Amino acid sequence: MCGKFTVMMTWREYCELAEVAPPASGEQPVMAPEAALGVMTPMRLVPVLHLGPVRQRRVSAMRWGWLDRKAKDPLRGFSHLHARSETIDTAPTWSRSFFERRGVVLTRSFNIGEDLPNGKVRQWVCARADGKPLAIAVIYESWPLATGALTAFAMVTTDSAPPLDARDSRMPALLDLEDVSIWLGERSASLAELKALLRPYRGPLVMREQEPLRPKASRNATRTGPAGARAP
């Protein structure tokens, strides 16, 4: 299941891909135009493309991680990261957001995890074979809290497509870029048409094993040359 994704775009490039107009004169931009968007993990604020109150495109920062109503501090935990496409229109947790609040996260790659026999998880980085951006379907919701409103999203998932299905049974629901307007609600669509967008991705995908993080070398470690000889 996807536990992180890497945007690998500047804020300007993200907005251009989302077809969102730049801030009007006198408005403060959300981020500096050349600010880099990198790795996105649960509980982080993520730029999500959605429709505003008058049905215009907007990019807003939303937390990845659905509200946990049972938590003492909703800002320190979450209940769900993913919503299954098969039941997204019928499950009480998701159905209202599916019909009213759909969004898209734009990224260059995403990770899936392969469960190993020793209990560890091997991470695989997945992307389009042509290197073009990916559009991940999400749904979102806002909740009033004592500290202000929390707006959070869950990533929609489907059965995995090849070659990912050899490593994990689930993957994010990837939209064709020309279908983003349908998913957002800019174009009218029936329930069947919306659900048809949430299927295993049909385009070519590539994956590579993510290199494990290496421990930082100690400043006091002895530097050696070939065959263990002390470096000068």
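Modeller: Here it is, and keep in mind that this is a predicted model. Let's start with a charge: Arg-102 lies over the face of Phe-98, at 5.9 Å from the ring centre.

Biologist: Which other ring does the charged end of Arg-102 sit over?

Modeller: To count, the CZ of an Arg has to be within 6 Å of the ring centre and within 35 degrees of the ring normal. The charged end of Arg-102 is 5.5 Å from the centre of a second ring and sits over it. That ring belongs to Trp-183.

Biologist: How many aromatic pairs are there in the whole structure?

Modeller: Rings pair if their centres lie within 6.5 Å. Searching the whole structure on that basis, the count of aromatic pairs comes to 7.

Biologist: Are the planes of Phe-5 and Trp-64 stacked, edge-to-face or tilted?

Modeller: Their ring centres are 5.4 Å apart, with the planes at 45°. Stacked needs under 30 degrees and edge-to-face over 60.

Biologist: How many residues apart are Phe-5 and Trp-64?

Modeller: This pair links distant parts of the chain. Phe-5 is in strand S1 (residues 5–10) and Trp-64 is in strand S4 (residues 57–64), which puts them 59 residues apart.

Biologist: Is Trp-64 buried or exposed?

Modeller: Buried means under 20% relative accessible area. Trp-64 has 0% relative accessibility, so Trp-64 counts as buried.

Biologist: And which residue do ring pairs link into a cluster with Phe-5 and Trp-64?

Modeller: Phe-5 is buried too, with a relative accessible area of 0%. The residue that ring pairs link into a cluster with Phe-5 and Trp-64 is Phe-153.

Terms used. Residues numbered from 1 in each chain as written. Predicted model: local features only at pLDDT ≥ 70, side-chain atom pairs only at ≥ 80, totals over all residues. Heavy atoms only, no water. Phe/Tyr/Trp six-rings, centres within 6.5 Å; stacked < 30°, edge-to-face > 60°. Helix = DSSP H or I, 4+ residues; strand = E, 2+ residues; numbered from the N terminus. Buried < 20%, exposed > 50% of the residue type's maximum accessible area, 1.4 Å probe, protein only.
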